[in-house]
Number of protein chains: 2
Amino acid sequence: MTTLRDIAEALGVSRTSVSNAFNRPDQLSPDLKDRILAKAKELGYLGPDPVARMLRTGQAGAIGIVFAESLPFAFSDPAAITLLQGVAAVCEPVDKALVLLPALDEAAAQTAIRSAAVDGFIVYCLPEGSPVMPALRERGRPLATVDQRPIPGIPAVRIDDRAGAETCARHLLDLGHRRFGIIAMEMNLTSTGGLVTGDRFADSRFSGTTERLRGYERGLGRAGILLDQVVIYEADDPGEEAGKTAALTVLQQSPRPTALLVMSDRLAIGAMQAAEALGLAVPRDLSIVGFDDIPAAAQVTPALTTIRQPFFEKGRTVAAAVLDPAATPDVTLFPYDLIVRSSTGPAPDRAVGS
Amino acid sequence: MTTLRDIAEALGVSRTSVSNAFNRPDQLSPDLKDRILAKAKELGYLGPDPVARMLRTGQAGAIGIVFAESLPFAFSDPAAITLLQGVAAVCEPVDKALVLLPALDEAAAQTAIRSAAVDGFIVYCLPEGSPVMPALRERGRPLATVDQRPIPGIPAVRIDDRAGAETCARHLLDLGHRRFGIIAMEMNLTSTGGLVTGDRFADSRFSGTTERLRGYERGLGRAGILLDQVVIYEADDPGEEAGKTAALTVLQQSPRPTALLVMSDRLAIGAMQAAEALGLAVPRDLSIVGFDDIPAAAQVTPALTTIRQPFFEKGRTVAAAVLDPAATPDVTLFPYDLIVRSSTGPAPDRAVGS
DNA sequence: CCGGATTTCTGAATGCATTCAGTCACGGTG
DNA sequence: CACCGTGACTGAATGCATTCAGAAATCCGG
């Protein structure tokens, strides 16, 4: 394998000059530059080795992203994809590559983190207490988190999930609903799903789940409804199928809820399928509110009422935070919006409201 | 900044031992190992520098992916995402990270390629003659292409686009259609879109576009229909909006086509929106066939008839090809399937067929 | 033709860890 | 007691390029 040195020797010039020929051609007489480049081609030199350059300059030219779940799984999440788009949109103009760290499990994530050549890490949706976080800190690189519980000293990007969820609850209350079901996202990495009682949520490791539940609680509380009066089902994964399974159970409780508070659009879309399977018309018999406003939310029939949050912007912001940690506030809170579409309507029979 | 050497000196042991303490703890007496680890912690050592290790071992522990378009754009493509999932599924178990190379434009892609610390590259959907390809070869790393014209000596993964497209055409022919419109994907990176004649496709740089058109041509040829008897519109980007714009024009030609051959599902979904805007019922007034079978194809109403191709599998295969180039055949052709759903039906008035 | 400003080029230190081929000491064996 | 195998540990070469400070050469005006 040819190196800078070989070329320098073959030509009787210094290594510096060869390096300059590639990196700062203006520092060299055109003649020498051409001779160097020609010799390089002749010897089959592949150009300065990027790794050696990194070692010398201390710049990796890349930033890493770590997800709580395995990569193929993370890619199935439209919200994560949009976030990634935002991240890419700021990395690209500054020529930073994006490194997706494999995270088959927590151990794998840790080794990946230890051996990643990156200038900083974006941390997405890690559960509280994850051992991945210490591994990240040990690398001593800039860090920023998104959609997880803020850690003091590390820039965090998120929305006010609690307030968003409260808004959902109030929307349904305003429509006259009084019997609710809640379909929750996972509370931790190893969730098996199933019906749960409100207090078990104290164990939740995922900030989004915890906060949204608290938000529902607060919202429903305004009508005097307590969490143990509502059916709560924890989905065992973030996919539509899990939402369907969850809703199937929730909708077979009696008295049947007239409205479903669902923590994500994917789950909500699954819930709509369940409603259809049970012959319930949405929103006539059942109202459903999602969360996130993923692209599919507007496309399903009926279109989903949901909370919109700016994933793309969030992506841009975390990326910027990692790129320039100094200029970043501790936590950036983005606005959210209730988008009322066709999946919510007046409670079917107000007289029955508990 | 603390290094291996500092610890070795502080403890009066060799660098080798310190290195071993981290990488091969079994080579060391437990006592020494503990002392080293303790001292490392004490001195705030962050662990062996991954870049230095890469330099020494020649392993980057990552593979790069290059797209023809800018990253945020690439992420909007459901097919690319599924492919990525497949790639991730094989990289993850072998602890390889995935490096997304920024490609704001071709020049940016080239610098990114030159400075990426990766063990190999996956090349997705590059147009023919792209200057990115030579840059890739210069790096001298394993390469594999997917969804683009195969390059001799480089493993390629694809489907038989031509045959797939021919199948679409025959399907419509079998339903009695005789007046066709074609909505084509971009022919090159700088396409501005618009109506085109069949022969201009000789200029197409994107293999998928070229092949699919040839396939339509061959299919329609069986009924004696030549390409210049059909309206062809080249979309100016891969998005749904572009499909709608295209279809709006195509459907206003007279005589109006009774069937649309659309080169991708995203464009096809856009075309369905156009049909709706024009008050045409699908499939009663107009049949539409897409290509790719992205998840949305099954979800739109009416569900889209399309060609299914195994993106996930394709991803796995290219990734495997880069990881182990020796064991890889020159070109891997995946099967495709015509999935007949509800967007195609009998021609409205067979008597009018040209 | 001279002094100083430029331009061009070089030396050598530096970044950090891995790894092969041993050395050394110790315990067991005949 | 001599010899050998084994485990523990070390030396030093090696991977490849960047960069600062300064030397050498060239050029300018006067």
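Reader: How many residue pairs between chain B and chain A are in polar contact, and what makes a pair count as one?

Author: Between chain B and chain A, 10 residue pairs (both at pLDDT 80 or more) are in polar contact. The term requires a pair of N or O atoms within 3.5 Å; within protein, one must be able to donate a hydrogen and the other to accept it, and residues adjacent in sequence count only if both atoms are side-chain atoms. This is a predicted model, in which local features need pLDDT of at least 70, side-chain atom pairs count only at pLDDT 80 or more, and totals for chains, interfaces and linings use all residues; side-chain values use heavy atoms, without hydrogens and water. Residues are numbered from 1 along each chain as its sequence is written, while chains are lettered from A and ligands numbered from 1 in the order in which they are written.

Reader: Why are strand 2 of chain A and strand 2 of chain B said to pair?

Author: Two strands pair if DSSP finds at least two bridges between them. Here 3 bridges join strand 2 (residues 97–100) of chain A to strand 2 of chain B, so the strands pair; they run antiparallel.

Reader: What makes the approach of Thr16(A) to DNA strand D a polar contact?

Author: A polar side-chain atom of Thr16(A) lies 2.8 Å from a base oxygen of DNA strand D, and therefore meets the distance limit. Arg15(A) places a polar side-chain atom 3.1 Å from a base nitrogen of DNA strand D.

Notes. Helices (H or I, at least four residues) and strands (E, at least two) are DSSP runs, numbered from the N terminus.
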